[in-house]
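I opened my notebook to look up a few things in this structure, one at a time. Follow along with the picture as you read.

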Amino acid sequence: MRAVARRLYNSIRALPIISPHGHTDPRWFAHNAPFSDPVSLLLTPDHYITRMLYSQGLSLEELGVVPLTGAASGAALDPRTLWRKFAAHYHLFRGTPTRLWLDWVLSAVFETEAPLSAANADRTYDRIAEHLARDAFRPRALFERFGIEVLATTESPLDDLAHHAAIRSSGWQGRIISAYRPDPVVDPQAPGFAAGLARLGELTGEDTSSWRGYLAAHRQRRAFFKQMGATSTDHGHATANTADLSEREAESLFGRVLGAARNGAAESADAELFRAQMLTEMARMSLDDGLVLQIHPGCWRNHNASLYERFGPNVGADIPLRTDYVGALRPLLNRFGNERSLTLIVFTLDESTYSRELAPLAGHYPALKLGPAWWFHDSPEGLMRFREQTTETAGFYNTVGFNDDTRAFFSIPARHDVARRIDCAFLARLVAEHRLPEDEAVEVARDLAYNLPKQAYKL
Amino acid sequence: MRAVARRLYNSIRALPIISPHGHTDPRWFAHNAPFSDPVSLLLTPDHYITRMLYSQGLSLEELGVVPLTGAASGAALDPRTLWRKFAAHYHLFRGTPTRLWLDWVLSAVFETEAPLSAANADRTYDRIAEHLARDAFRPRALFERFGIEVLATTESPLDDLAHHAAIRSSGWQGRIISAYRPDPVVDPQAPGFAAGLARLGELTGEDTSSWRGYLAAHRQRRAFFKQMGATSTDHGHATANTADLSEREAESLFGRVLGAARNGAAESADAELFRAQMLTEMARMSLDDGLVLQIHPGCWRNHNASLYERFGPNVGADIPLRTDYVGALRPLLNRFGNERSLTLIVFTLDESTYSRELAPLAGHYPALKLGPAWWFHDSPEGLMRFREQTTETAGFYNTVGFNDDTRAFFSIPARHDVARRIDCAFLARLVAEHRLPEDEAVEVARDLAYNLPKQAYKL
Amino acid sequence: MRAVARRLYNSIRALPIISPHGHTDPRWFAHNAPFSDPVSLLLTPDHYITRMLYSQGLSLEELGVVPLTGAASGAALDPRTLWRKFAAHYHLFRGTPTRLWLDWVLSAVFETEAPLSAANADRTYDRIAEHLARDAFRPRALFERFGIEVLATTESPLDDLAHHAAIRSSGWQGRIISAYRPDPVVDPQAPGFAAGLARLGELTGEDTSSWRGYLAAHRQRRAFFKQMGATSTDHGHATANTADLSEREAESLFGRVLGAARNGAAESADAELFRAQMLTEMARMSLDDGLVLQIHPGCWRNHNASLYERFGPNVGADIPLRTDYVGALRPLLNRFGNERSLTLIVFTLDESTYSRELAPLAGHYPALKLGPAWWFHDSPEGLMRFREQTTETAGFYNTVGFNDDTRAFFSIPARHDVARRIDCAFLARLVAEHRLPEDEAVEVARDLAYNLPKQAYKL
C-alpha cells in the first residue's frame, strides 16, 4: 500500500498549485517588498500559533499581538525575544498540522534547522532574517518558486482592489485574483453595516438605501471584482440558513434591518433572515455572472468576550458550532439547486455532517459541490476523515480539490503537499483493496490535485 | 493481519445468504420471466446510480426516468444509448460502493469486462443482453446460483401478496417472504392515507374509522403476512419518536388525524404523535404475534421539491437527518424495552449516534438490537465505522448481521460479500492486537454472516 | 510502525499509575480486609458486565443485583452459580474493553485461565477464591503490586471521610485521596436535596438555608476535603450548561429551588439554571483554593424507569446525550476561562464534539483542558478516536493523560495499560509518517502516561 501511495504521490507532487481560496495580502505581490522579520511574518499574524500559545498560559501581549487601545509594552515586542519564547514552547505543537507546516517552512524554504528549539532559536532567527533580506525571498520570487499557478485573495466589496490593479499593470505574470466577500455589507450585525452601505452607494452610484439599489450595487461590484480576475464569492455566516422570500418580503426586510442598523440595534431574527435571503440573492446573481458561490458557515466568532474587547477579531477565539444543512440549504437548493450552470461550494466545521448531510446533498443536487476539510480540519487526520466519509456517497467528482484558506503564505506549499499525500494514501488503500485499478487512481490523484479546483473555480 | 483476515473470510465466504430485509420485486420470482434489458435492469431503477449521474449534470429524462405526466422523449429511451451514456460517466463512481457492486455484477455474474468504459459499452451491453435471454439468468436460477437461503421483500398492508402466494404454490423451493410495512396506512401525511384506511377496512372487514377497528385490521393483516412467511414489520418514519398514550388519548388522536386526512389537511404535530404512538402499538402487537419490529428513521424524503413534483419519490433526493434516539425511543422502551420476547431492530442514517446513543441503548435494553450500517453507509468505510463505534459498547451479539436493503437483485451477493470482508477485517484486527483468539473470531465471523440474522429475524 | 510502537510502549510501560479520578471504595484500603468472593468482587458491582448480560436476556436478580425492596431469591445468590452463568455468557463480551480487562485480571492478577468459559468456570472460581484469601491479595498489597502512585476516590460533601482519615493515621504509605463531588447538594432534583442541605448545615455550622451560608458551607467542606488530600472537585450534570448570574439573581434562585425542594417539587428550568450557576460558583472557589474542577456532563441517568424503580441507580441504564459545549460553557469561560491559575477539565460522552467543540475550546482558553475518552469510550477504538480528533487542534498538552474512572479496582492496571498502548500506537504513526521524531515521541509518551495527569491534577 505504501509503495502504491508513493507512486501515486510521485506522479502529482510537482503539479502546479491551484489556490482558489485564501487570505494572503495582495499588497505583498503589488509592492514586492521584502518581508520584514521572522516574527511578524511567521508568528504574530498566525492565529493557529497564537491560539495554542495562549491556551498554555502565554498572554497575547507577550506574543506581540497589539491591543486595540493603549500602547503595547515595548520590551515584549522585540522580535528576537518573541522568537525565543516561541521556540521554547515549540513542543506544544507536536501532533498538530501547524508543526508540520512550520517544520517544512524552516527546512524547505529557509533551509534551517527543524524542529525549532530553545537551543537553535537564535540561529534559526538569524538564518531566516538573512534569507528574508535576499531578493529570492521577496513575494513574487517565492510565488514562482512555490509553483503557484493561481492564488485567490479575499476582499470586501468596499475594497478598491488597488493592489490587484497594481499587480496586473506591473507586467509581472503571477496570477493573483480576488474573491468577493460581502459579509461586511450583508450582515446587519457586522460593525459599521450602515456606514458600509453608504460607502457602497458612493462607490457604485446606486441608492443603497433601497432594496433594488442595494442589489444593483452588489451586481456592479461583482462585475468589477470579476474584471479584476475574481471567479468566486465567499460568505462566512454563523449558520447555513438560506431563505427564498418574495421580492416584496425581501424589500420590507431590507428596510427593517437597515433602519435597525442605523439605530445601532440590529434585531437578531431579522438579521439572520436577511443573511439567509442574501445567499439566495447571491446565487441568483451567480447564475448571471458565473461567479462561484462559496459558503463557510458554522463558527461562533469571538467566543471570548473580554479578549474580543481588548484585541478585536481573529485572535484564535472562533469556535465551531453544530451546523444543520438539510433544512438550512433547502430554500436556496429548491430555488437554484437544479441549475447545472451554478456552482455552490459548501464547507463545514461540523464533521458529523460529512456522511449524514453534505455528501448526500452533493451527491444529488447538480449545483452543489463539497469544499475540502477546512480550518480546524485540514490536518492529515481531518483530510482523511473527509475522504472516508464523503467519497462513498458523493464520489470524488462532487468535491473540488484542496483549499489552503490561509494568510500564511509561506505554508501554502506545505499545506497542499499534505493534502496531496493524504489523497494518495486514501487512493492507495482503494488500490490495495482491489477497489480501484492503479491507472484510474493516478487519474483521480491528478484530478484532485489540479483539474478539479481549476474546473470548479473556473480558473 | 491480512493473513488472518483471509483465513476468516475463507471460512465464511461460501455460507448461504440470509437477506432479511430488502426491496426486490416478488413478481420476478413469481413469474420467473427473463429480465428484459441491461438498462431497465441495472440502471434506471437504481437511485444510487441515477442520483450520482444527476448530481453531475445529466437530467433524469436522459437517464430514462419517466416523468409522472407527459410523454418521455422517445429517443432518450433507447437502452443502448442510455448504456453508452452511463459507460461514459463510469468514472464518477470511483471510490463508491456502487462501483464495487457493479464491477462485481459485470465480471462475476455476466462474465464481461469491468470496469465499464466508453470503449467497451457496446460489447458489455450485448454480452449482458445475451445472457439475460438464457434460462440460467432467470430470477429463480439466479436466486439459487447466488446461494440465497431466504429473501425478504417489503409490502404494504394493502398488498394482496399474490406474487408470494404464486411462489408458494408453484412448487419452487426458493424461500421468498414478505415484511409488513404499514407506512401508507400509519402516516397521516402519506398521500392517500384516508383512502388507504378505507381499503384496509374492505380487506379486513373491520371498521377502520374507529381506533379499535383500525388496530384490529392491522392485527389481521399482520396475521396474513405472517402466514405468507413474514417474520418482521418495518417502519420508515422521519424521526425515531415513539409515544405511549392512554387508550383514550390514542383513540382521540386517531379521530383527529383521520378527520384531518379526510379534509386533506393532516396537522403536523398530531401526525407526528400518531406515527410515534403507532410504533408502540406495533410493538404491542409484536409481543402477541412475534413479528420482529424494524425502525428505519431519520430521512428527509423528497428534499428536492421540483423533482418530486415531476418524477415522484425515490429519485435519489432523500437526505439523512440528525436523529435523536435517547428521548425519542424512551416511551416505547419504557413500555416494552424490558421484554425479552420482543425484538426491536433500530437503524440509523446519523452515524454520530452509533457510539453515543444506539450502542448504549442496545447494550442495555433486552428488546433492542442494532441494525447494520444502512443505505448511505453500507460502504466498506461505513461498515467498518459501524463495527468500530458499536462493538465496544454493544458487543457483536446485540447486532443482527447484514441487511442488503436493496431493490438491485443482482448486487445482493456483492453487498453481502463486502459486509463479510469488512467484518473479517475488523475481527482480524482484534486477533492481531491479541484482543480475541482466532478460534473465537472464526465463530463470530460465522455468527455475523449467518447465525445472527437468522436468529434475530426468526428465520 | 509496530516496532516504533513497541519501543515507545516499553519506555513507559513500567511507569507508576496516576489515577486522578475514580470510584473505588476507600473502605478497602482503610480496613485492608480480604475481598470476599469472585462474584461480589468482579461481577455484581460492575455495571459494564451486568448491563451486557441484561441486554441479552438475563435478569438483574439472576445476576445477584439486589432489588431495593423485597428479598432476593436465595438460590440465585450462590456465588458459584452466578459465576457459572457469567462464564457461560463470556462470548457476549468479545470485542469489548470489558473482555480485555477481564482477561487481564484473570491471567495477570489471578494467574488463572483466560478466557473464561463454561468449561473452566469452576476451576477459575476456585483459583480466584483461593488467591483472595491470601495476604498478597488484600487491598493494600495489590495497590502496591499494581504500582499505583496515587488513587483518587470520589465522595459527597456529606461524607465524613472517615476511611481516608483511617488510611492516613494507619501509617500505611499508599496515597489515597478524595475528590469533592457535591452533586447531591447542588442538584435540586437529586433525591434528598433539602435534607442534604440541612445536613450540610449541621456539618459546617453554616446557615445553609441562605445563599451566603450555603456557599460558605461549600467552602468549608472543600477546605476539609483538601486537607484530606483532595486536589479536585467533580460535577456530573445532564448538560454542560453554566450561568453567570448576579449575586442578587443567584440568591433569589437559591431561595426558589430550596423552597421548591422542600415542597418536593423542584422546577425543571430553575433546577437547571441552579446547577449551571453552581459550576461557575465552584470555579470561583477553585480560584481561591486551587482545586481542579472536573465536569462530566451529557448522560441521561436511569433511562429505564421500571428498572430504576426496582433497583435504583447505577444498573447500566445511563445513556449518553447529544451535548452542547460552545454555548453552554460560555458564561463560565467568559467569567473565568482566561484565568491561568484555574484548571477546568471537561469530559464528554458525545464524540462528535471532540473535533468540533472541545479541541477548539481547549486549544484557546487557558483554563480549559480536555479529559480523556470516558466511560463508553475508553476502549482501544474510543481512545484512538480521542487522539485522532483532538490532537490536531488541541495538541497533547491541553489534555491530561488517562482517567480510569472505575470502581473495578482490579481492572485499573489493565485500563491504564490499554491507554498507554493506544497512545503509543498513535505516536508511532506520527513517527512513521515523519511527523514527529522518535525522541520527541518518547517524551510525549511519558508526559501522557505520567507527567500530564500529575501536573493537571496537581498531584
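**Entry 1: a covered helix.** Before looking, I wrote down what "buried" means: a residue is buried if 20 or more other C-beta atoms lie within 10 Å of its own. I also noted that this is a predicted model.

With that in hand, I looked up helix H4 of chain A, residues 47-55, and found it mostly covered, with eight of its nine residues buried. I listed the buried ones: A:Tyr48, A:Ile49, A:Thr50, A:Arg51, A:Met52, A:Leu53, A:Tyr54 and A:Ser55. What covers the buried residues of H4(A)? I found that the cover includes helix H3 (38-43) and helix H6 (97-109) of chain A, along with helix H17 (353-362) of chain C. After H4(A) comes A:Gly57, and I noted its positive phi, near 105 degrees.

**Entry 2: two domains in chain A.** Next I checked the domain assignment of chain A, which gives domain 1 as 2-33 + 136-456 and domain 2 as 34-135. The centres of these two domains, taken over C-alpha atoms, are 28 Å apart. Their contact takes 20 residues from domain 1 of chain A and 23 residues from domain 2 of chain A.

I then looked at the side of domain 1 that touches domain 2 in chain A. Helix H15 (305-311) and H19 of chain A each supply at least two residues there. H19(A) gives the most, with three residues. By class, I wrote down ten nonpolar, five polar and five charged residues for this side of domain 1.

**Entry 3: H19 again, with a partner.** In chain A, the axes of helix H18 (residues 380-394) and helix H19 (residues 412-432) come within 9 Å and cross at roughly 45 degrees. That angle is why I call H18(A) oblique to H19(A). The crossing of H18(A) past H19(A) is right-handed.

Which residues meet? From H18(A) I noted A:Pro380, A:Leu383, A:Met384 and A:Arg387, and from H19(A) A:Val418, A:Ala419, A:Ile422, A:Asp423 and A:Phe426. Sorted by class, this contact has seven nonpolar, no polar and two charged residues.

**Entry 4: chain C against chain B.** Last, I looked between chains and found 34 residues of chain C in contact with 31 residues of chain B. Among the elements of chain C that each supply at least two residues to this side are helix H15 (305-311) and strand E7 (319-320). H4(C) gives the most, with four residues. By class, the side of chain C that touches chain B has 15 nonpolar, 13 polar and six charged residues.

How values were computed: Residues numbered from 1 in each chain as written. Chains lettered and ligands numbered in written order. Predicted model: local features only at pLDDT ≥ 70, side-chain atom pairs only at ≥ 80, totals over all residues. Axes fitted to C-alpha atoms, helices over the stretch in contact; angles between N-to-C directions. Parallel < 35°, antiparallel > 145°, perpendicular 65-115°, else oblique. Left-handed = near helix turned anticlockwise from the far one by under 90°. Contact = placed C-beta atoms within 7 Å. Nonpolar A, V, L, I, M, F, W, Y, C, P; charged D, E, K, R; others polar. Domains from an automatic or database assignment. Buried ≥ 20, exposed ≤ 12 C-beta atoms within 10 Å, placed from the backbone.
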